[in-house]
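Please look over the structure shown here before reading the points that follow. They are meant for someone who has not seen it before.

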Number of protein chains: 2
Amino acid sequence: MLNRRRKKQIEFGKRSQRKGRYQNLGSAGLQNNILSEVGSSSLSPHNTQSLVNVSQNEMLRDYESRTKLLFDDIEPVLKEILSHQTRSGFKRWANEQLFLHLGVKLEEAAWDMDESSNSYSFFQDLFSQIVFKQFLRMSEDFFNNDPLQGQNRKEAEEIFREAGIHALDITPCADGRLAHFISYVLRLPYSVARRKAHAGALFDVSESVRNWVFIEHSRFREGMPNNAAEPTRFLKMAVYHYSKVDPSHQGCAAHGSDDKKAAEAAKAKLQDFRQAIENRFGCGSTVETMLIGLNTDNDTLKVHIPNQQGQVCLDRYIETDQLYSNATNMSASEARVLIESEIDNCNLQKNSTIPRPELKKLIAWLVTNNFSQIQYVKEYEQGLYEDIGHAERFIGIGNGFEEVQLRNLCYYSFLDTIEEGVNDIDVGIKIFKGLNVKRGLPIPIIIRCDYDGRVPGSKTRAVEKARRIEKAVHSRYQELSSCGLLQTMGTLRDNTGARPAEKLI
Amino acid sequence: MLNRRRKKQIEFGKRSQRKGRYQNLGSAGLQNNILSEVGSSSLSPHNTQSLVNVSQNEMLRDYESRTKLLFDDIEPVLKEILSHQTRSGFKRWANEQLFLHLGVKLEEAAWDMDESSNSYSFFQDLFSQIVFKQFLRMSEDFFNNDPLQGQNRKEAEEIFREAGIHALDITPCADGRLAHFISYVLRLPYSVARRKAHAGALFDVSESVRNWVFIEHSRFREGMPNNAAEPTRFLKMAVYHYSKVDPSHQGCAAHGSDDKKAAEAAKAKLQDFRQAIENRFGCGSTVETMLIGLNTDNDTLKVHIPNQQGQVCLDRYIETDQLYSNATNMSASEARVLIESEIDNCNLQKNSTIPRPELKKLIAWLVTNNFSQIQYVKEYEQGLYEDIGHAERFIGIGNGFEEVQLRNLCYYSFLDTIEEGVNDIDVGIKIFKGLNVKRGLPIPIIIRCDYDGRVPGSKTRAVEKARRIEKAVHSRYQELSSCGLLQTMGTLRDNTGARPAEKLI
């Protein structure tokens, strides 16, 4: 398994060149400059693929590179700083160096090595504190500056509405290689979808039903997002994944790298959800479901095409890498015609009915969005990720985590209790034993509990919940926790607006 | 602390007289005879209190006595049987004796003492198995025969509807001395209310909001229980408790027997709930709340009277024991007038507004219902329970448990995970260390997960949930579990009808 970040080296000798490199991050300056250059719908005339949004790719690449650096430089910078521990005025100097290279400062007291601790646990504590600081900074940047333009959801919402969809709920696998699924792979604004990641895409059907009821109730009571009288549907999407380069090792850990099992399990969950709604709330309450497979080597997709009744079949799908190749040198409109006809053909060839026209249009749009991502991987990753395996920087548990939109940044599991989510976290801990623990680095776990800022008491309840989850994590992984190899930070967020995460004190 | 059940002795010498005593339980015979005699609205002409339903009291007493015997005879019967372990044909004989005295049989293999176990753990296993068998039998009786006529909810529903209430959700304390609150203390049919018991009545506001959304959504979508256009409300009731005889020991364990704290905490939860709904879903979504205190010595009540805006105050309440005394020798209609005027006076004397007339009527009705219970305690318990302290027979965790409607039968905590409900169960375990463990008896814990029989997959999910909770209980109380002092049984129930609990195999 390759892991790009391990190859990074901070060159302290050259630090004057890099001075101030991170200092502007967190202010809107950099992003605004980039955004003003690209424009969200500009298509490159130089690309053989007419549907690729080259300027958007540039913007996304810039965000990915500079955000990942926030995390990847921590280890070498910290090690270098600590090698100067004996110098006079170390604490102040250390903080200066930290700010210079990573753009953050710690409390000066953090640089005091406790007499009772050893240099090993001292390093672990500092490492985690810096990871957590960087996360908070990233969150601030994400919500205040909207670097991915994800708060502008009007266009996407209209496209979904035209397809008869009023709400979108996506369950990708918790695997970090799917963390960019919404903003990168499908090029959707993050705010248009609710994401609930689970290992193996095995979402909690009862929780999804509760969520559906909340959304439907808002339609009845408040006409939000649209009036209940409109015959639109809730769309639940499940995303499994696989690797074509190394199928038996780099597939889904929760399903033992067995692609078929992964796809079947996600499909079964979707069916259960659909049936739970229909049987409990009657036929008028049908939901739409969508099953997608992601090749984590290069972000190409298998899109399972629903028939007229919305049913999917495991062996009835289109592959976006094929379509991308076939559409090379076509005009945009020719390519769109090709995609739509391939969607119909896919079903007809398997003796099934074609999907409803509005849904076909939606799928075709998602496929064209994915073309940009295919080009992204071709251009910036030579068509194949160097880190085809796990390379997550931290684990996120709880709900929300909208600011996590980058591949391999975070292993994210949606949960309310460790008791219910334990399988997900066990998988995450296993991954991080390989990534961090075996190299002496702690596993940083960020807990997130969202609250509703309109409701007094909601924040207090979120605080209690975050504390409960934090306690349960340490209790579950006591061995790692007791020797400092598992470190946690609780965070809260008022999810009624674009507000950054707050650290739980 | 007195504990009636400890004084019971089974007289094996007299067993011929008792032959077959329990054999009819579970068939409708006994109940139907009783029911046909009493009629639900017969009022006794011989009682000084005109509002007391004497025949209902007789029916309730009969049910209480015979149901508690199912559990209280287990220890002496089992000990007596085991003292004959050396006789030939022991297993068959033991089962015969068990059936004769307790009306249940075990698998014959259960009477085989495993070579690896000792007589102590052998006894514990058998004891728990019999408790669980009796519970299943009780559940069957309850749902099949409706001994408390709790499936007939029409009249009560109409009274609530007239008061502008379309749904009732009650949170009593988890304490077993409140387990009969619905069917006995308030004389409501069990099926008219949803009960979610929590230690200290500290219910989960978020869960209650979710439940509210489900109910309101059904009104919009299905017109059930009534159409959303009707200006009715959801009523949430919280019930704290206290003891006047021994206030500093027999009050609420979760609040350190501090009555004021208990009342304040319940009131705060109600306010939080009300505010969460109003702030999240707008003013048209106001819920009704009601705060009641129960004196567990004799089942008399403090009913906190809401003002015109529905707000309650801790020191503004009526006491049903006072009202009961004052109404002695009055006619039913005089007594009703007295109660209603006392409700208004209560608020006027504290310079508050009187409650809405329809709510006053509802409260007055609940008070008259409580009069029957006051008389019940006077007649059958000499006005003061002998077991003024804890005397629960088992712990129930999960949801549902409608068949538990008897005082001190079960310590019941509503929960979805041990992680969230741990405070409740800790209190329960502490109680049972005193009741059972110190006498060498195991703590029997029954887990209940309801499912929706209309929804395929719902049962499977309930099975998984029950297993998860069962595992978490054993893990949390490992010390007790490992030496057989904590025993569990998982149960499921299809809550779409009057179906008994099913044992999880």
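Predicted model: local features only at pLDDT ≥ 70, side-chain atom pairs only at ≥ 80, totals over all residues.

1. Between chain A and chain B, 33 residues of chain B are in contact with 33 residues of chain A.

2. The two chains, B and A, bury about 3,200 Å² between them, with 57% of that area on carbon and sulfur atoms. Of the area that chain B buries against chain A, 21% is supplied by Arg221(B), Arg280(B) and Glu419(B), which is more than any other three residues give.

3. Eleven salt bridges are counted between chain B and chain A, and one of the salt bridges joins Glu216(B) to Arg221(A), whose closest N and O atoms are 3.8 Å apart. The elements of chain B that give two or more residues to the side touching chain A are α10 (205-222), α11 (259-281), α15 (418-435) and α16 (458-476). The most is given by α10(B), with 13 residues. By kind, the residues on the side of chain B that touches chain A divide into 13 nonpolar, eight polar and twelve charged.

4. Within chain B, the axes of helix α8 (residues 154-162) and helix α14 (residues 357-381) come within 8 Å and cross at roughly 145°. Ala156(B), Ile159(B), Phe160(B) and Glu162(B) of α8(B) make this contact with Glu358(B), Leu362(B) and Trp365(B) of α14(B); the residues of the contact divide into five nonpolar, no polar and two charged.

Note on methods
Residues numbered from 1 in each chain as written. Chains lettered and ligands numbered in written order. Heavy atoms only, no water. Contact = heavy atoms within 4.5 Å. Buried area = accessible area lost by both parts, 1.4 Å probe. Salt bridge = Lys/Arg side-chain N within 4 Å of Asp/Glu carboxyl O. Helix = DSSP H or I, 4+ residues; strand = E, 2+ residues; numbered from the N terminus. Nonpolar A, V, L, I, M, F, W, Y, C, P; charged D, E, K, R; others polar. Axes fitted to C-alpha atoms, helices over the stretch in contact; angles between N-to-C directions.
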